[in-house]
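Visitor: I would like to understand how the words used for a structure follow from its values. Could we go through them slowly?

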Amino acid sequence: MLSCERCLKYAEEKHYCPNCKGRLSCCESPPMHVGDGLGWGSEVIFICLNDECPTFVNGWEYIEAQYGHPGSYRYMILPGQKKGEVMMVGSSQAFTGCIVDPEALMEQNKRYQDEKKALEQLDDSIKEKNIQPAIYLICDEIAALQGREKACDVLFEINDLACIDHIRNHTFKNIDIEQKANMTVNEILKANFKKECPYCTEIIKTQAKVCMHCGKDL
Ligand SMILES: [Zn+2]
Ligand SMILES: [Zn+2]
């Protein structure tokens with residue numbers, strides 16, 4: 001997976017096909033160069049994926065005649081380069097599965113920036129008794145585990161019962177974080193002499209014999 005920042009840089013690069021004038025698609029490089037078995041020297045390549053491009057349309061006949069197997073050419077260029085070259089492809093599907101989508105990248109980048117901001121706010125959030133940055137990180141399943149673990153510790157420091165609903169209502173995908181977040185909730189409950197009613201899950205006093213919310217005997 002490419003880093004968001006590098007991807008964004010590539011998404012901004014505009015290259016055009018000299019043969020059909022169409023904009024080239026940014027694609028993740030395959031691990032090996034089809035021709036010589038060497039790497040591409042770049043994590044992305046820009047390719048003309050226009051099936052009507054003359055290079056591609058005329059390539060079939062040429063390759064069949066020259067090499068006796070199906071194939072054609074696509075125009076391609078490496079990032080930062082001025083001059084491209086044609087490359088052989090085995091089918092019209094080649095490279096279409098690894099197109100880097102700028103809008104999806106923008107979205108990913110926004111999430112990444114939000115994560116970064118929440119991480120930066122973590123330390124101050126203890127003093128400010130602000131549970132939001134920690135909650136954001138704990139509930140962001142794509143955020144780095146280290147930050148999410150730290151967020152659990154921060155929540156414990158802040159010791160605010162208001163965080164419990166957020167964690168209980170979140171569906172975790174990462175089991176380790178789920179366990180740590182649940183442990184944090186239990187510790188916060190204990191530190192506040194509270195527990196959750198086993199029937200209605202409302203927060204009640206540790207010593208309560210009857211739940212004040214659902215009325216059930218405990
Ligand atoms: Zn073209
Ligand atoms: Zn209850």
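Guide: Let us begin with a definition: a helix axis is a line fitted to C-alpha atoms over the stretch in contact, and angles between N-to-C directions run from 0 to 180 degrees. Please keep in mind that this is a predicted model.

Visitor: What angle do the axes of helix H4 and helix H5 make where they cross?

Guide: The axes of H4 (residues 132-139) and H5 (residues 145-158) cross at roughly 140 degrees, and they come within 8 Å.

Visitor: Which residues make the contact, and what classes do they belong to?

Guide: H4 contributes Ala 134, Leu 137 and Ile 138, while H5 contributes Gly 147, Arg 148, Ala 151, Cys 152, Val 154 and Leu 155. By class, this contact has 7 nonpolar, 1 polar and 1 charged residues.

Visitor: What makes strands S1 and S4 the edge strands of the sheet?

Guide: The open sheet has 4 strands in the order S1-S2-S3-S4, with antiparallel pairing, and strand S1 (25-28) and strand S4 (85-89) each pair on one side only.

Visitor: How do you know that S1 and S2 pair?

Guide: Pairing requires at least two bridges, and S1 and strand S2 (residues 44-47) have 4 bridges in the antiparallel sense, so they count as paired. Cys 26 stands opposite Phe 46 in S2.

Terms used
Residues numbered from 1 in each chain as written. Chains lettered and ligands numbered in written order. Predicted model: local features only at pLDDT ≥ 70, side-chain atom pairs only at ≥ 80, totals over all residues. Helix = DSSP H or I, 4+ residues; strand = E, 2+ residues; numbered from the N terminus. Contact = placed C-beta atoms within 7 Å. Nonpolar A, V, L, I, M, F, W, Y, C, P; charged D, E, K, R; others polar.
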